[in-house]
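Please look at the sequence and the structure before reading on.

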Amino acid sequence: MFWPMIAHVFLVFALYALLLVRRQKYTFVDRDAVMRYKDSGEEARESRLVNRNIANQFELPVLFHIACLLLYITDADNIVTVVLAWIFVLTRYGHSFVHVTSNSLRYRAPLFGLGFAVLVALWGWLAVWLALE
């Protein structure tokens with residue numbers, strides 16, 4: 001259960017690196033732009049998308065990390081839950097890629113929906129496991 005969690009953490013690290021690059025390239029273009037960012041948080045669309053995606057990584061994925069830890073410590077993890085965990089992480093990678101590139105809801109929404117459904121399945125498995133234990 002830990003490798004999918006680690007893979008998600010590396011996604012977050014990569015997004016922070018991309019945010020740094022995009023802020024340097026698009027937001028911090030001159031002294032006035034730096035002051036606008038400093039005073040009001042105004043930034044270019046390219047870096048704002050990455051910043052928002054990073055925020056997304058601390059919403060639904062928090063429940064993913066909790067589920068993984070609980071599945072592990074209660075011995076409820078198995079090949080099915082590990083596969084579901086990897087599917088969740090892959091949907092997060094896909095969602096992030098779409099979000100920081102085209103930002104097309106046509107592709108983002110299904111990836112989010114699939115990830116959400118997988119997360120519900122993980123929590124459902126955990127609930128059933130604990131109920132039967």
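Of the 133 residues of the chain, what percentage count as buried? The share is 38%, where buried means under 20% relative accessible area, exposed means over 50% and partly exposed lies in between, with a 1.4 Å probe and protein chains only. The model is a predicted one, in which local features need pLDDT of at least 70 and side-chain atom pairs count only at pLDDT 80 or more, while totals for chains, interfaces and linings use all residues. Residues are numbered from 1 along each chain as its sequence is written, and side-chain values use heavy atoms, with hydrogens and water left out.

**Overall form**

The chain has six helices and zero strands, with helices (H or I, at least four residues) and strands (E, at least two) taken as DSSP runs numbered from the N terminus. The radius of gyration of the chain is 18 Å, whereas a compact globule of 133 residues would have one near 14 Å; the radius is taken over C-alpha atoms, and the globule rule is 2.2 Å times the number of residues to the power 0.38. Along the principal axes, the C-alpha atoms fill a box of roughly 60 × 30 × 20 Å. Among contacts (heavy atoms within 4.5 Å) between residues at least 6 apart in sequence, 78% join residues at least 24 apart.

**Nonpolar cores**

A nonpolar core is a set of buried Ala, Val, Leu, Ile, Met, Phe, Trp, Tyr and Cys residues joined through side-chain atoms within 4.5 Å. The largest such core has 16 residues, of which Phe64, Cys68, Leu71, Phe88, Leu119 and Leu122 touch the most other members. The elements that give two or more residues to this core are H1, H4, H5 and helix H6 (105-132). Apart from this core lies another, of six residues, including Leu11, Leu15, Leu19 and Ile54. Leu71, not counting residues up to four places away in sequence, touches Met1, Ala76, Asp77, Thr81, Leu122, Trp125 and Leu126.

**Charged pairs**

A salt bridge is a side-chain nitrogen of Lys or Arg within 4 Å of a carboxyl oxygen of Asp or Glu, and the count comes to three salt bridges.

| Salt bridge | Closest N and O atoms |
|---|---|
| Arg23 and Glu43 | 2.9 Å |
| Glu42 and Arg36 | 3.1 Å |
| Glu59 and Arg52 | 3.3 Å |

Arg23 lies in helix H1 and Glu43 in the loop between helix H2 (31-40) and helix H3 (45-56), so this pair ties together parts that are 20 residues apart in sequence. Both Arg23 and Glu43 are buried. Glu42, by contrast, is partly exposed with a relative accessible area of 42%, and Arg36 counts as partly exposed at 38%. Glu59 is partly exposed at 41% relative accessibility, and Arg52 counts as partly exposed at 41%.

**Nonpolar surface**

On the surface, Phe2, Trp3, Ile6, Val9, Phe10, Phe13, Leu69, Tyr72, Ile73, Trp86 and Tyr93 form a nonpolar patch with about 1,100 Å² of accessible area together. Patches are made of residues with over 30% relative accessible area and no salt bridge, like charges being joined within 9 Å and nonpolar side chains (Val, Leu, Ile, Met, Phe, Trp, Tyr) within 5 Å. Helix H1 (2-27), helix H4 (60-73) and helix H5 (79-100) each give two or more residues to the patch, and H1 supplies the largest share, six residues. Tyr72, which lies in helix H4, is partly exposed, with a relative accessible area of 40%.

Conventions:
Areas by Shrake-Rupley, 256 points an atom, 1.4 Å probe, with all protein chains shown as cover.
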